[in-house]
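Welcome! Work through the exercises below with the model open beside you, and try each task before reading its solution.

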Amino acid sequence: MLCKVLFIAAVVAIVAGEHSHHDYHSHPSYKFEYGVKDPHTGDHKSQWEHRDGDVVKGAYTLDEADGTKRVVEYSSDKHNGFQAHVKRVGHADHPAVYGHHEAGHSYGGHGHGHASSYANGNLHQHHH
């Protein structure tokens, strides 16, 4: 299988241990992490999170379509609320445009059709 998935969840142990009695004053605590790395689709992402009482810390990463990696680190507690720090790692790589562009032709289109624009609320049609 090309897709490797790692999933560890202590949350399952917490939920499995619950009975019909709910203790709303208990001290919540869990840790989990997972990752996906699929070379066939290019889907690469990961996440981890730890909670100890009212303090939550975590991060996730994912590969963007432009070749960069998004890294989001977050935390939450009573005093600071939810805070997230987003970083982009690497340089965007936009694919080169192939073909030619001539005046009066729609860019990136195929065949001989119409090009329309709704810019500024006006409709402009160009016939080839």
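Accessible areas come from the Shrake-Rupley method with a 1.4 Å probe, and for residues only the protein chains shown count as cover. By that method the accessible surface of the protein is about 10,700 Å², with 55% of it belonging to carbon and sulfur atoms. This is a predicted model, in which local features need pLDDT of at least 70 and side-chain atom pairs count only at pLDDT 80 or more, while totals for chains, interfaces and linings use all residues. Residues are numbered from 1 along each chain as its sequence is written, and side-chain values use heavy atoms, with hydrogens and water left out.

**Exercise 1. Find out which stretches have pLDDT under 50.**

Step 1: pLDDT is the predictor's confidence in each residue, from 0 to 100. Its mean over the protein is 74, and 57% of the residues reach 70 or more.

Step 2: Go to residues 1-18, where pLDDT stays under 50. The model has 26 contacts beyond four places in sequence for this stretch; contact means heavy atoms within 4.5 Å.

Step 3: Residues 105-128 also have pLDDT below 50, and they have 20 contacts beyond near neighbours in sequence.

**Exercise 2. Work out how E2 pairs with E3, and E5 with E6.**

Step 1: Two strands pair if DSSP finds at least two bridges between them. Strand E2 (residues 29-38) and strand E3 (residues 43-52) run antiparallel, joined by 10 bridges.

Step 2: Look at the turn of this hairpin, which has 4 residues between its strands. Glycine 42 in the turn has a positive phi of about 80°, and aspartate 38 stands opposite aspartate 43 in E3.

Step 3: Strand E5 (residues 69-77) pairs with strand E6 (residues 81-89) over 9 bridges, again in the antiparallel sense. This hairpin has 3 residues between its strands, and valine 72 has valine 86 in E6 as its bridge partner.

**Exercise 3. Is alanine 59 buried or exposed, and what does it touch?**

Step 1: Buried means under 20% relative accessible area, exposed over 50%, and partly exposed in between (1.4 Å probe, protein chains only). Alanine 59, in strand E4 (residues 55-63), has a relative accessibility of 10%, so it counts as buried.

Step 2: Leaving aside neighbours within four places in sequence, alanine 59 has contacts that include Trp48, Gln47 and Tyr74.

Step 3: Turn to glutamine 47 in strand E3. It is buried at 18% relative accessible area, and a polar contact of 3.1 Å joins its side chain to that of tyrosine 74. (A polar contact is a pair of N or O atoms within 3.5 Å; within protein, one must be able to donate a hydrogen and the other to accept it, and residues adjacent in sequence count only if both atoms are side-chain atoms.)

**Exercise 4. Classify the ring pair of tyrosine 30 and phenylalanine 32.**

Step 1: Rings of Phe, Tyr and Trp (its six-membered ring) pair if their centres lie within 6.5 Å; planes under 30 degrees apart count as stacked, over 60 as edge-to-face and the rest as tilted. The count by this rule is 2 aromatic pairs.

Step 2: The ring centres of tyrosine 30 and phenylalanine 32 are 6.3 Å apart and their planes are at 20°, so this pair is stacked. Both tyrosine 30 and phenylalanine 32 are buried.

Conventions
Helix = DSSP H or I, 4+ residues; strand = E, 2+ residues; numbered from the N terminus.
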